[in-house]
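Subject: Structure handover

Hi,

Here is the structure I promised to pass on. Please open it first, then read my notes below.

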Amino acid sequence: MSDYTISTSNEGSALKLSVKGQVNENFAFDDLDLGGAGTIHLDLEGITLMNSSGVKRWFKFIEAIPATTKIVYQNVPPIIVTQMNIVEGFLSPNAEVETFYAPYFDEENDEEVKKLLKPSEVKDKKAPTFTNDGGEELEFDALEETYFKFLDKL
Amino acid sequence: MSENVLNILTSREDKFTSAIGSEFNLVFNEDLDEHEFNIIDYEHCPDQDDDFIITNCMYFTDNVGKIDKKKFGSIKPDFYVCSEFDHLNDRVKRFVDFASGNQIPKGKELISKYLTSTADLKALFDSVVNEIKFPADHVRDRFLLILDELSSNTLYNAPVDDNGIPLFRRTDRSEDVVLEDKTSVNVTVSEDDDAYHICCSDTYGSLFADTVKNYLFREIVAPQQREGGAGIGLSLIFENCNSLLYNIELNSKTEVTAVIRKFKKNKDHLLSYKEVFLTEKGSF
């Protein structure tokens with residue numbers, strides 16, 4: 001059984017690829033038919049792990065997509081945001097990030113909360129504020145300067 | 001000095017026999033700023049029984065005007081005045097314990113498996129995912145990534161033949177490997193109230209302390225442009241753990257332990273200090 005799945009669908013005029021599971025040394029994409037799509041939406045919400053071998057495989061995957069094709073990252077989980085910040089070139093020139101998750105902490109309920117953000121909601125590298133159901137403000141649970149560093153590359 | 005300073009403490013066995021059991025005062029530079037890394041080789045001072053002199057230090061700093069990050073080599077100071085670095089002294093005392101063979105307590109053992117093949121790696125990963133309940137998603141994510149990287153590194157990099165030639169170091173990780181010696185590589189996961197411990201050990205003892213230091217320098221202290229993801233394995237481990245402990249007995253055993261603290265908040269992990277302990281004994 002494979003460690004990951006890539007499912008394809010159409011989203012308007014774009015091709016949508018939803019990647020789920022572990023992106024590791026076994027990640028392969030040779031059988032993917034991109035059909036000459038002008039725009040590819042990459043939904044990464046289901047990725048549970050990307051190790052160092054997976055990062056290398058991911059680079060090859062992105063390199064295989066024509067440079068004229070627009071790549072739109074959607075629902076990027078925190079573990080991939082981290083890779084975007086650490087690994088030079090993770091975001092290729094033809095890529096943009098439409099939405100990504102940011103970690104918050106609800107002190108009142110003592111639990112993690114992930115909020116889906118758009119890059120436009122982050123101004124001057126400050127995390128937008130949110131409240132819980134009781135009106136208590138959530139604490140942004142990362143270091144803003146580091147977590148939003150990838151936005152400089154967009 | 002900031003809590004964020006990383007200290008990589010190393011020792012050769014002969015340097016420590018005179019230090020075991022003795023009280024000591026750490027001598028250190030007060031002027032270090034945040035984001036500085038110190039790779040310190042200890043040497044017992046023959047003239048002052050209770051003091052260590054730092055004979056080999058590499059300082060790196062982000063501040064413009066201070067020592068250039070790219071310019072490394074040893075700086076040989078005479079000594080530096082100790083300051084109120086209680087947390088650092090505690091850490092050094094822990095290191096002395098570690099180097100003396102008193103292993104840092106790891107708590108209750110959760111899983112212990114010998115890895116004999118790539119298939120065993122997968123099975124180990126699956127059993128961890130199914131059996132361990134983590135206090136937070138970010139702790140689980142860190143743990144799984146470290147387990148994956150560390151155990152894979154051990155399985156592929158540690159085995160050598162009778163002539164010391166690596167067997168699988170150049171093998172692509174997508175290729176399966178099978179070990180002839182079924183008890184040579186072990187992964188043990190344990191926990192206490194404060195942290196998880198992932199310990200990968202092997203009976204080859206083929207990892208050199210200098211190799212570790214070079215990797216640490218290359219990937220953490222002065223990282224190169226990590227284009228294409230090359231060489232980021234150790235930095236991923238380091239970013240996600242709180243302590244990294246190397247116990248090397250050349251030609252006999254290598255033991256690498258990553259400690260992941262059970263912080264409720266992700267930010268607490270990001271702001272916590274990190275440490276790397278490295279000891280090497282014997283010859284290859």
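Let me start with a strand pairing in chain B. Strands β5(B) and β6(B), the latter covering residues 195-202, pair in the antiparallel sense over seven bridges. The two form a hairpin, with three residues between them. Please keep in mind that this is a predicted model.

β5(B) has another partner. Strand β4 of chain B (residues 108-114) is joined to β5 of chain B (residues 185-191) by six bridges, and these two strands also run antiparallel. In β5(B), B:Val189 stands opposite B:Ile111. Its bridge partner in β6(B) is B:Ile198.

Now look at B:Lys108, which is found in strand β4 of chain B. Is B:Lys108 buried or exposed? B:Lys108 has 8 other C-beta atoms within 10 Å, so it counts as exposed; the cut-off for that class is 12 or fewer. Leaving out residues up to four places away in sequence, B:Lys108 touches B:Ser190, B:Glu191 and B:Asp192. B:Lys108 and B:His197 are 89 residues apart along the chain, yet their C-alpha atoms are separated by 9.6 Å.

The crossing is right-handed. Which residues of α3(B) meet α4(B)? They are B:Leu121, B:Leu124, B:Phe125 and B:Val128. On the α4(B) side, the residues are B:Leu147, B:Asp148, B:Ser151, B:Ser152 and B:Leu155. By class, this contact has six nonpolar, two polar and one charged residues.

α4(B) passes α6(B) in a left-handed crossing. From α4(B), the contact takes in B:Arg142, B:Leu145, B:Ile146, B:Glu149, B:Leu150 and B:Asn153. They meet B:Gly233, B:Leu236, B:Ile237 and B:Asn240 in α6(B). The residues of this contact divide into five nonpolar, three polar and two charged.

A few totals for chain B. The chain has seven helices and nine strands. Of its 284 residues, buried ones make up 34%. Take the contacts between residues at least 6 apart in sequence: 70% of them join residues at least 24 apart.

Last, the two chains together. How many residues of chain A are in contact with chain B? There are 20, and they contact 23 residues of chain B. On the chain A side, the elements that give two or more residues are α1 (52-64), α2 (78-86) and β6 (100-106) of chain A. The largest share comes from α1(A), with five residues. By class, the chain A side divides into 10 nonpolar, five polar and five charged residues.

Over to you.

Best wishes

Methods. Residues are numbered from 1 along each chain as its sequence is written. Chains are lettered from A and ligands numbered from 1 in the order in which they are written. This is a predicted model: local features need pLDDT of at least 70, side-chain atom pairs count only at pLDDT 80 or more; totals for chains, interfaces and linings use all residues. A crossing is left-handed if the near helix is turned anticlockwise from the far one by less than a right angle, and right-handed if clockwise. Helices (H or I, at least four residues) and strands (E, at least two) are DSSP runs, numbered from the N terminus. Two residues are in contact if their C-beta atoms, placed from the backbone, lie within 7 Å. Ala, Val, Leu, Ile, Met, Phe, Trp, Tyr, Cys and Pro count as nonpolar, Asp, Glu, Lys and Arg as charged, and the others, Gly among them, as polar. A residue is buried if 20 or more other C-beta atoms lie within 10 Å of its own, exposed if 12 or fewer, and partly exposed in between; C-beta atoms are placed from the backbone. Two strands pair if DSSP finds at least two bridges between them.
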